Structure formats: C-alpha cells, structure tokens
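Here are a few exercises to work through with the model open. Try each one before reading its solution.

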Amino acid sequence: MSKIKNAVFVYFEGGMMEILWAAIELGLETRAYDMSCANCEDSSEETEKLIQFIKEAPTDIVFTHDFSPSVSNACQELSIPYASWTFDMPLPALHHPSVYNSCNYIFVFDKSYVNILKRNSVQNLYHLPLAANITRSNSVIIDAEDEKKYSCDVSFVGNIFPLNQKDFYDEFIKRISEESRHDLTELIDQTYGKWDGVNRIAAGITPNLLSDLKKHLRINGNNLEYENLLYEATLAYHISATERIAMLKSLMPFNVRLYSTAEKVDIDGIDLRPTIEYEHELPKAYFLSKINMSITLHSIQSAIPLRVFDILGMCSFCITNYQTEIEELFEPGKDLVVYRSLDEIPELVGYYLKHDEERMKIAASGYYKVRDNYTWSAGLLRILGIIEG
C-alpha cells in the first residue's frame with residue numbers, strides 16, 4: 001500500500017498536464033497549482049507562494065513536468081519529496097544550483113543526458129522514458145467533420161525552423177572565419193542524417209568554431225557546461241531543420257500534410273496547416289493520418305521523443321528515425337517502422353501506403369506495447385516506488 005496519498009502538481013503556462021492525469025488515475029488526492037513563472041526560473045516570490053499553497057492541505061509529494069528551481073526550493077524548505085519528469089533536452093533548470101537540493105527526485109527521458117548530469121554529481125537521478133496518455137486516447141471521439149478535416153495519407157507535426165535557426169545560420173556563416181566555416185561544414189556533414197547515439201556535434205565543435213559561436217551568439221547559461229550545451233543545441237536545431245526539409249521534399253509525390261508554425265514552406269505538394277492544439281486536435285490528426293512521420297532533433301541524443309509515444313498511443317502508424325533507445329522499448333518492424341537514413345523514407349512510405357493490413361497490424365502492436373508498458377500512470381508508479389524505497 002502506497003504511503004504517498006496526497007500530492008500537488010505544479011503546472012506552468014504552455015506545459016503538459018499528463019502527470020496530473022496519472023496521479024488522479026492512481027487515486028492520489030491531487031491539487032493543481034498554476035505557477036506564474038517559467039519552469040526554468042528561480043523566483044523567491046513564486047517559491048513562497050507555493051509554500052503557502054502546499055501548507056493549506058496535507059501534502060506528501062510535489063510533481064512537475066521538467067525541473068523547476070522555484071518548486072525545488074519550496075519542497076526543500078518544507079522537507080517534502082519533489083519529483084520531476086523531464087521531456088526537454090537540454091534543460092536550463094537542470095544546471096541550476098537547486099538541482100542539488102536533497103528533496104529532488106529527477107527523472108530524465110534521455111540516457112545520454114542522465115550521464116551528463118551524473119558527471120556533475122547530481123543525486124537521486126534516474127532514466128525514465130516518456131509515455132502516452134491512453135485514457136485520453138481511448139476517449140477521443142471522431143466524427144464526420146473530423147474525418148474531413150484531418151484525414152490524409154502522410155502527416156508530420158513539427159516546426160521546420162525552430163527558434164528561427166535559419167536566420168541565425170545565414171547571418172552566422174557570413175561572420176565567422178574561413179577556418180570556422182570549414183569546421184562547421186565538416187561538422188554538419190558528419191552529423192546530417194545520422195541517429196545512433198553518438199554526439200557528433202560535441203565532438204565536431206573545434207576551439208575556433210566554439211570561439212566564433214560565443215562571439216556571435218553570446219549565450220548566457222547557468223554555467224560553462226550548460227552554455228556549451230546550448231551552443232551544441234543551436235547547431236542541432238539547424239541540422240534538424242535541414243533534415244526535416246529534406247524529408248518533406250522526399251515525400252512530395254505523396255499526399256503530405258504539415259502542421260507547423262511555419263508561415264510558408266516552398267515545397268511543392270506539401271499541404272501546410274497551422275499548428276494544432278495538443279490535447280484535443282492532435283490525437284485526431286494522428287489517428288486520421290495513414291502514416292505519421294517523426295524525425296528527432298539532434299539535441300535529443302538517444303531517447304525516443306514524445307511524438308512517437310503520442311502517435312502509438314492513438315493506435316496510429318509511425319515511421320521514425322532510429323534512436324538507440326528504440327530497440328530497448330519497441331520492436332522495429334512490429335511496433336513501428338524505423339529508418340536509419342533519409343534516403344529510406346520514400347520507399348517505406350510508398351510501401352506502407354499500399355499495404356493497409358500490414359500497416360494497421362503494426363499500428364495495433366505499437367498501441368498495445370504502449371498501453372501495457374509506457375503510460376504516464378505506469379511511469380508515475382515507478383516514480384512512487386523509487387521514492388518510497
């Protein structure tokens with residue numbers, strides 16, 4: 001019988017609510033608190049407000065998606081366990097001094113990021129893959145209007161130029177030295193289209209290139225290591241954006257829909273739609289797409305991104321790039337389909353559009369694998385088990 005009965009879930013604007021769903025499903029008496037500051041901020045004012053909220057009722061634990069210094073400091077003051085389950089990489093807050101508070105239990109979805117934090121002597125640190133909200137998936141109702149609105153052969157939900165990286169790169173490449181330009185070109189060539197858990201960006205940033213990055217970007221992180229991670233992430237976004245464009249171009253012969261914040265995409269045959277709401281619209285778009293594409297940002301080195309779990313949780317068919325953690329959780333070819341190079345994509349898409357029964361069988365297998373193993377409730381049970389010892 002769990003000793004933890006009463007919980008507080010702290011929500012940040014624009015963040016997810018999945019842990020709250022899971023806590024309620026597990027029977028925890030859970031109160032939700034809407035924090036005014038961003039999860040990465042250290043606000044003494046918000047910490048004090050949260051302390052007062054926690055004191056209003058019995059509280060055995062506090063949960064968040066991603067780590068928050070403000071929440072950690074409140075729990076440290078009250079000697080209450082604080083469990084965070086991250087889905088971003090790199091995450092500014094995990095390089096803040098509050099990460100060393102003894103109240104923390106930090107669950108990270110990417111094994112490679114866990115190793116980085118371990119080198120910094122972060123305690124109570126665990127690897128925990130992401131999950132799907134099966135309860136919400138099973139409650140989605142699809143009507144005729146939805147079918148007309150979302151049905152398509154192939155869809156991709158994601159940004160093409162995250163954080164305006166196209167603008168950054170075009171300007172940056174003009175300003176750097178000839179030697180740095182050569183180093184950058186070589187780094188991109190070595191990284192592009194490769195997903196095998198090897199951090200080629202970190203290995204490929206030469207001292208001259210790093211010096212130019214620092215000169216022209218002027219990123220201010222919590223410490224030098226985190227600043228370097230941000231420089232790596234900046235290059236990762238640019239490379240990933242280039243890969244996503246290449247993927248979409250390779251899919252031009254098909255009926256492809258792109259849901260994105262992009263204002264325009266100059267690729268013939270791509271049906272550009274505005275980005276869609278996560279909890280209610282996105283599940284319908286996944287379910288009504290015959291094939292859902294996924295391509296992982298290079299800032300995520302080994303883990304499976306949330307998109308894959310969301311797709312499989314809707315009993316939908318997913319084609320995604322290889323990540324080293326995929327074979328630990330799923331069986332490629334049975335639960336989902338994996339490509340190791342961009343050149344494989346058109347053939348895979350063409351094949352599975354012609355083989356409906358095989359495609360639907362794989363989608364069903366992926367759904368059952370997620371339903372039985374990778375739900376937010378299952379993950380939360382693991383978290384509670386670790387905290388209770």
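Predicted model: local features only at pLDDT ≥ 70, side-chain atom pairs only at ≥ 80, totals over all residues.

Residues are numbered from 1 along each chain as its sequence is written, and side-chain values use heavy atoms, with hydrogens and water left out.

**Exercise 1.** Work out whether His-298 is buried or exposed, and find its side-chain polar partner.

*Solution.* Start with the location: His-298 sits in the loop between strand E10 (289-294) and helix H13 (306-313); helices (H or I, at least four residues) and strands (E, at least two) are DSSP runs, numbered from the N terminus. Next, its relative accessible area is 12%, so His-298 is buried (under 20%; exposed is over 50%, partly exposed in between, with a 1.4 Å probe and protein chains only). Finally, its side chain makes a polar contact of 2.6 Å with that of Glu-243 (N or O atoms within 3.5 Å, one able to donate a hydrogen and the other to accept it; residues adjacent in sequence count only if both atoms are side-chain atoms).

**Exercise 2.** Which residues of H8 are buried, and which exposed ones lie on the face turned away?

*Solution.* First list the buried ones: Ser-180, Asp-183, Leu-184, Leu-187, Ile-188 and Thr-191. Down the axis of H8 they fall within an arc of 135 degrees, so they line one face (using directions from the helix axis to the C-beta atoms). Turned away from that side are exposed Glu-178 and Asp-189.
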